[in-house]
Amino acid sequence: MNRKVFVTHELPGCRIHELSEHCDVNVWLGPGLLPAKSLHEELAGCQGLVCLLTDRIDRDLLDAMPDLEFVSSMAVGVDHVDVAALTARGIPLGHTPGVLTDTTADTTFALLLAAARRISEADRFVRQGEWRRENRWSPDFFTGKDVSGATLGIVGLGEIGQAVARRAAAFGMEVVGWNRSPKDVPGVEQLSLAALLARSDFVSVHVALTPDTRCLLGAAEIAAMKPGAVLVNTARGGIVDEPALAAALASGALYAAGVDVFAEEPVPVDNPLLALPNVVLAPHIGSATTRTRARMADMAAANAIAALQGQPMPHCANPEVYTR
Ligand code: GLV
């Protein structure tokens with residue numbers, strides 16, 4: 001009998017179409033995101049799951065799925081999955097490292113520049129007709145903050161953090177960095193987190209969300225940032241304390257922020273960050289280019305096909321399942 005694989009969303013790329021050569025495929029077609037209850041219903045009796053970062057794969061779900069043999073997620077971050085619970089059951093978890101590094105670093109820089117130079121505010125001003133209504137242009141009109149010559153502090157010097165460092169150097173920034181385990185990165189001065197926060201005009205977050213990094217930038221760390229600094233987060237919500245960030249932005253302690261990721265997604269409309277003019281917002285689109293998303297989907301499909309063929313996944317987040 002063919003094995004069954006549930007895919008929680010239509011995927012781009014071409015390799016996903018090969019999946020049906022190896023198993024019976026059932027794809028959730030929406031509308032909207034797959035509700036958790038439907039994931040429970042649709043996954044019952046399946047051997048494989050191909051999912052997105054919006055699907056929560058927790059212990060309760062796994063307990064109810066004794067037939068599950070693999071999970072392949074179209075994301076590099078695996079905080080939506082209880083990895084330890086999968087590993088305990090010997091289930092490999094596929095993910096998509098590498099292909100989204102430059103795309104996400106570009107998004108980071110787009111938010112950094114937009115926040116520094118007030119691009120969203122200026123866009124609203126033009127779009128809403130205020131420029132014409134006020135008939136104004138002056139030397140201090142929409143003045144922002146210089147990027148060149150400023151110091152960028154990179155929190156987390158993995159692949160994406162390093163790609164951001166390269167961009168920053170090209171923009172004439174001084175780059176300092178912090179990593180949990182010290183890492184020698186050319187052109188990046190290593191500092192303690194406290195020293196980085198005190199010295200940086202811009203701070204960009206690039207650590208994975210784990211129990212250790214949850215609220216890494218809490219109220220105390222935000223209060224310790226250089227007055228007038230800009231914070232950019234394209235990593236994960238939950239790493240930055242959102243109410244503390246909103247309060248610092250509202251009081252003027254911080255100049256601006258660029259935020260692509262939120263503690264709760266889709267972000268509730270009453271999140272205080274949404275009410276602030278000096279925050280550039282995006283809906284978790286760090287890796288969102290057509291090419292990169294197709295590559296990520298192809299990697300997710302390749303991981304699933306390898307698992308169906310009884311081979312190790314080429315990109316496995318818990319490779320220890322293969323050596324036990
Ligand atoms: C995006 O946030 C990813 O983890 O792929």
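Me: What is meant by a nonpolar core, and which residues have the most contacts inside the largest one?
Reply: A nonpolar core is a set of buried Ala, Val, Leu, Ile, Met, Phe, Trp, Tyr and Cys residues joined through side-chain atoms within 4.5 Å. In this predicted model, the largest such core has 47 residues. Those with the most contacts inside it are V5, L11, L19, V50, L152, M173 and F202.

Me: Which element supplies the largest share of this core?
Reply: At least two residues of the core come from each of β1 (4–7), α4 (101–116), β6 (151–155), α7 (159–170), β10 (229–233) and α11 (290–308). The largest share amounts to 8 residues, and its source is α11.

Me: From which domains does this core draw at least three residues each?
Reply: The domain assignment divides the protein chain into domain 1 (4–97 + 290–322) and domain 2 (101–281). Their centres, taken over C-alpha atoms, are separated by 32 Å. The core draws at least three residues from each of domain 1 and domain 2.

Me: Which residues does L152 touch, leaving out those up to four places away in sequence?
Reply: L152 is among the residues with the most contacts inside the largest core. Beyond four places in sequence, L152 touches L112, V164, A168, M173, E174, V175, V176, S200, F202, V203 and S204.

Methods. Residues are numbered from 1 along each chain as its sequence is written. This is a predicted model: local features need pLDDT of at least 70, side-chain atom pairs count only at pLDDT 80 or more; totals for chains, interfaces and linings use all residues. Side-chain values use heavy atoms; hydrogens and water are left out. Domain bounds come from an automatic or database domain assignment. Buried means under 20% relative accessible area, exposed over 50%, partly exposed in between (1.4 Å probe, protein chains only). Helices (H or I, at least four residues) and strands (E, at least two) are DSSP runs, numbered from the N terminus. Contact means heavy atoms within 4.5 Å.
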